[in-house]
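Q: Could we go through this model together, beginning with the overall fold and then turning to individual residues?

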Amino acid sequence: MAEPGSVSAPEGVTVDAVDWLPSGARSGIVRARGHRLAGHDPGLPLLVVVRGGAVRRFESLPDVQPAGELDAWRGAYVVEADVVAEAESVRLEWPGGGQLPVGRLTGGPPAPAGPDADVGPPAAEGTVVDRAVLAERRAGRAEAAEPGQARAARDALRAAEARELQSARREEELGAARAERDA
């Protein structure tokens, strides 16, 4: 494991991407994704933002592990848009030690990195994509997600039916216990 305060992720943990996803004009989600060695779980990192000399720490929303991705981890942090836009530095900080500076957040306002971060070359110019192409891609993603959503709905119905049966059995047991008590 990395030494507390070291400038790297904990041993066995990689960070694949850190993105900014705006959600309205005032806030959004900073999403961090990565992988870890099997059986190695150092926990989710905090998102640490330095703005105007003040340090703010954000805890991740719970990570819901998708089936088949046992070595993946995801952190999601609800952050105000102005905090991200005016950040002097952004980093991930793990509970057992280890920190990783985040140079720029893709998909949103750039977050200037601190003096120790390696930001790299400036980002290339953006590409304008036709709205029809975006709509077509969105429709394709929705269509691809349909089987998973149908499976989740079936699972939810099965769970509801199981709970209903369990409740009916408990009511029968309660009725029998009342009848026995009254007798």
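This is a predicted model: local features need pLDDT of at least 70, side-chain atom pairs count only at pLDDT 80 or more; totals for chains, interfaces and linings use all residues.

Q: How many helices and strands does the protein have?
A: The protein has seven strands and two helices.

Q: And in what order do the elements run from the N terminus?
A: The order is β-β-β-β-β-α-β-β-α.

Q: What share of the residues is buried?
A: Of the 183 residues in the protein, 25% are buried. The accessible surface comes to about 12600 Å², and carbon and sulfur atoms account for 54% of that area.

Q: How much of the contact set comes from residues 24 or more positions apart?
A: Among contacts with a separation of 6 or more, such pairs account for 60%.

Q: Turning to H2, why does the distance between its end C-alpha atoms agree with its number of residues?
A: Helix H2 covers residues 131–182, which is 52 residues. At 1.5 Å a residue the helix should span 76 Å, and its end C-alpha atoms are 72 Å apart, so the two values agree.

Q: Where does H2 bend?
A: H2 bends at Glu146, by about 40 degrees. A proline, Pro147, follows within four residues.

Q: Now the largest nonpolar core: which residues touch the most other members?
A: Those residues are Val30, Leu47, Val49, Phe58, Tyr77, Val79 and Leu92, in a core of 20 residues. The elements giving two or more residues to this core are strands E1 (13–22), E2, E3, E5 (72–80) and E6 (89–93), together with helix H1 (81–85).

Q: What does Leu92 touch?
A: Setting aside residues up to four places away in sequence, the contacts of Leu92 include Val15, Val18, Ala32, Leu47, Trp73, Tyr77 and Val102. Gly98, Gln99 and Leu100 are also among them.

Q: And Ala76, where is that residue found?
A: Ala76 is found in strand E5. Beyond its neighbours within four places in sequence, Ala76 is in contact with Ile29, Val30, Glu59, Ser60 and Leu61. Its C-alpha atom is separated by 9.6 Å from that of Leu44, which lies 32 residues apart from Ala76 along the chain.

Q: Why does His40 count as partly exposed?
A: Its relative accessibility is 24%, and partly exposed residues lie between the 20% limit for buried and the 50% limit for exposed.

Q: Which residues is His40 in contact with, leaving aside neighbours within four places in sequence?
A: His40 is in contact with Glu11, Gly12 and Val13. The C-alpha atoms of His40 and Glu11 are 9.1 Å apart, and the two residues are 29 residues apart in sequence.

Methods:
Residues are numbered from 1 along each chain as its sequence is written. Side-chain values use heavy atoms; hydrogens and water are left out. Buried means under 20% relative accessible area, exposed over 50%, partly exposed in between (1.4 Å probe, protein chains only). Contact means heavy atoms within 4.5 Å. Accessible areas come from the Shrake-Rupley method with a 1.4 Å probe; for residues, only the protein chains shown count as cover. The expected span of a helix is 1.5 Å times one less than its number of residues. The bend at a residue is the angle between axes fitted to the seven residues ending there and the seven starting there. A nonpolar core is a set of buried Ala, Val, Leu, Ile, Met, Phe, Trp, Tyr and Cys residues joined through side-chain atoms within 4.5 Å.
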